[in-house]
Amino acid sequence: MINILILIAGLALILLGANYLVDGASAIAKKWGISEFVIGMTIVGIGTSTPEMVVSFLSAAQGNADIAVGNVVGSNLFNTLMILGVTALIMPLPLTGNNIKKDIPFALLAAATLIFAGSDVLLDGASANIISRTDGLMLLSLFGVFMAYTIYSSQTQNAPALSEAKAEMSAANAANAEGETKERPMWLALIMVVGGLAGLVYGGNLFVDSASSLAKMLGVSDAVIAVTIMAGGTSLPELASCAVAAVKKNADLALGNVIGSNVANIFLILGGSAVIHPLGMNNIGNLDFSTLIISTILLFITAFTFKKRTLDRAEAILFILIYVGYIILTLNK
């Protein structure tokens, strides 16, 4: 009973924190003239990945690679399939030219790099698949490249990118997006971002701890806990942030949040975890990696199906069904 109450309290903190984080980040974007997509890729995307970072870093330090790797892989699957699916059900998500040509391919590169780093048996004939410290440093270096690209793009292409994004949104949605971003003093916006992140992190930790306790009482393995309950729990900040952003008609922020989080999860969190302690890939296998690649490719394909350059509701339902199928196969493997 206590674990259930803690679970509910954690979820409440996550929802409240997400609301303040989205409002604060949008206010900063408007004040500095930065596109909401860039804010989503950096402040919101990385900030809401903090629960995954805490769980994976601590797990790596304790030598529990199943949780460290499974948490990241499961979180990225939850982000792409469930979070974008739920968000697009609330409001179809438009994809800009930059999303299609640069951002989604960067997320695909991150997934492919993870698979490459963890395929020692296939590529080198090794006895086990391990993400080594050298692999970790490579992932961290790629995260630096990703951040440099994001910052450079925001400085040199901010105005064109923002104009393109708004042109691709409907007139009504564009008007709503502008109207929902209220003018706030910079100090207040910063407090909202910091306070929102604090609520997300603390609430996420409460949720994960209580969910893990409940799962262990049922005799579920660490690997299954990591890719299902823990991954879903640590990804609740992204789900809450994206859902709130969709309700507020900030589609750019929602999409940027997921892509930024997915890239940060692999390059920053797994890279840092591997530097702390090499990560064995014993219980994370073909089902997990193939679903990770397929989900990212599907996101790219949605730009050319049904309503072009839009993740619409029909595709959102498909994403959710794929995730449900993945969970069922995971629990039964």
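Which backbone oxygen does the side chain of S295 reach? I looked this up before anything else. In this predicted model, the side chain of S295 reaches the backbone oxygen of L292, at 2.8 Å.

**Entry: S295**

I placed S295 in helix α14, which covers residues 286–301. I then checked its cover. S295 is buried, with a relative accessible area of 1%. Next I listed its contacts, leaving aside neighbours within four places in sequence. L77, T80 and L81 came up.

**Entry: whole chain**

I counted the secondary structure: 15 helices and 4 strands. The protein has 333 residues, and 55% of them count as buried. I computed an accessible surface of about 13,600 Å². Carbon and sulfur atoms hold 69% of that surface. I also took contacts between residues at least 6 apart in sequence. Of these, 84% join residues at least 24 apart.

**Entry: confidence**

I looked up pLDDT. The mean for the protein is 78. A value of 70 or more is reached by 82% of the residues. Over residues 158–181, pLDDT stays under 50. For that stretch I found 37 contacts in the model beyond four places in sequence.

**Entry: A9**

I found A9 in helix α1, residues 2–32. Is A9 buried, exposed or partly exposed? A9 is partly exposed, at a relative accessible area of 37%. I also took the pair A9 and G204. They sit 195 residues apart in sequence, yet their C-alpha atoms are 9.8 Å apart in space.

**Entry: helix α15**

I moved on to α15, residues 313–332. This helix has 20 residues. From first C-alpha to last it reaches 29 Å, close to the 28 Å expected at 1.5 Å a residue. At the start of α15 I checked D312. A side-chain oxygen of D312 comes to within 3.3 Å of the backbone nitrogen of A314.

Which residues of α15 are buried? I noted E315, A316, F319, I320, Y323, Y326, I327 and T330. Why are they on the same side of α15? They cover an arc of only 145° around the axis, so they share one side of the helix.

Notes. Residues numbered from 1 in each chain as written. Predicted model: local features only at pLDDT ≥ 70, side-chain atom pairs only at ≥ 80, totals over all residues. Heavy atoms only, no water. Helix = DSSP H or I, 4+ residues; strand = E, 2+ residues; numbered from the N terminus. Expected span 1.5 Å × (residues − 1). Buried < 20%, exposed > 50% of the residue type's maximum accessible area, 1.4 Å probe, protein only. Arc of directions from axis to C-beta. Polar contact = N/O pair within 3.5 Å; in protein donor to acceptor, adjacent residues only side chain to side chain. pLDDT = per-residue confidence, 0-100. Contact = heavy atoms within 4.5 Å. Areas by Shrake-Rupley, 256 points an atom, 1.4 Å probe, with all protein chains shown as cover.
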